[in-house]
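Q: Could you take a close look at the sheet of this structure, and at the helices that lie against it, explaining each term as it comes up?

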Amino acid sequence: MNVTIIGGSGLIGRKLGPLLERAGHRVVLASPSQGVNTLTGEGLAQAVAGADVVVDVSNSPSFEAQAVLQFFRTSTTNLLAAEASAGVRHHVALSVVGADRLADNGYMRAKVAQEALIQEGQVPYTIVRATQFFEFLTAIAGDGAEGDGGARVSSALFQPMAAADVAAGLADVVSRAPRNAIVEIGGPQRLPMSQAVQRALEAHGDARRVVPDAQAPYFGSVLDDASLVAGADAQLGATSLEAWLVNIARAGDR
């Protein structure tokens, strides 16, 4: 199939493209750096022309509540219109597990708004909600940073996964017919967020200490043990936190 990846130069797009090419698909990578801008529409018609499937893994440059909402509303509206005109048969969008459970979080509200536009649109779709990425664990410590050099982090359970497994989950969805539904992918284990963040900091040689706190906000939202975990039907990635940390340590030795 012909597949266009919107956000093709980002973390997931860079991993997804080679997976699809190895599976025999023809891939077009589209991002602002490649002359495709979903906010202005520049290059969009050309990017989706002839595509059977469009995968949207783009992200907002700003996470401020109004800016991120405007980004996903505008970019998704423009993208779906271009796809409808081009006769695209399957729109695949990456979203977040728990987006509908954290209404006080501006980013999550924006993702729910994006999902609604897709569900109400003309293009057959599959929305893939993924859990948090291992690659962003240290950023969580930054969000909870305190003046003494430590970080207060939620002790609620979550289910992080490797970005490579996110890409593999998306590649599997691309190979299948549109579900016209939301599916979930997640990591192979549930564990306290504070524990995972501490272990990631240590693997990166970061001396900060994490203080577990059930009330510590996660980018503005107080979590419980159900907020960010995938459902029983979720497809689980193969990479454990332990295996990912080993790779981090090996990379640091090189």
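A: What follows starts with the sheet, turns to one of its strands, and ends with the helices. This is a predicted model, in which local features need pLDDT of at least 70 and side-chain atom pairs count only at pLDDT 80 or more, while totals for chains, interfaces and linings use all residues. Residues are numbered from 1 along each chain as its sequence is written, and side-chain values use heavy atoms, with hydrogens and water left out.

Seven strands form an open sheet with parallel pairing, in the order β2-β1-β3-β4-β5-β8-β11; strands (E, at least two residues) and helices (H or I, at least four) are DSSP runs numbered from the N terminus, and two strands pair if DSSP finds at least two bridges between them. The edge strands, each pairing on one side only, are β2 (26–30) and β11 (235–236). Strand β1 (residues 2–6) pairs with β3 in the parallel sense over four bridges, and there I5 has V55 of β3 as its bridge partner. Helix α3 (residues 65–86) packs on the sheet, touching β1, β3 and β4, and its direction makes about 175° with that of β3; contact means heavy atoms within 4.5 Å, and such angles run from 0 to 180 degrees between N-to-C directions, with axes fitted to C-alpha atoms, for helices over the stretch in contact. Helix α6 also packs on the sheet, touching β1, β3, β4, β5 (125–130), β8 (181–186) and β11, and its direction makes about 155° with that of β4.

On its other listed pairing, strand β3 (residues 53–56) is joined to β4 by four bridges, and these two strands run parallel, with V54 opposite H91 of β4. Seven of the seven residues of strand β4 (residues 90–96) are buried, so β4 is largely enclosed by the rest of the structure; buried means under 20% relative accessible area, exposed over 50%, and partly exposed in between, using a 1.4 Å probe and protein chains only. From β4, H90, V92, L94 and V96 point one way, whereas H91, A93 and S95 point the other way, and all are buried.

Helix α3 also packs against helix α4 (residues 106–120), at an angle of about 15° and with their axes 8 Å apart. That makes α3 roughly parallel to α4, because angles under 35 degrees count as roughly parallel, over 145 as roughly antiparallel, 65 to 115 as roughly perpendicular and the rest as oblique.
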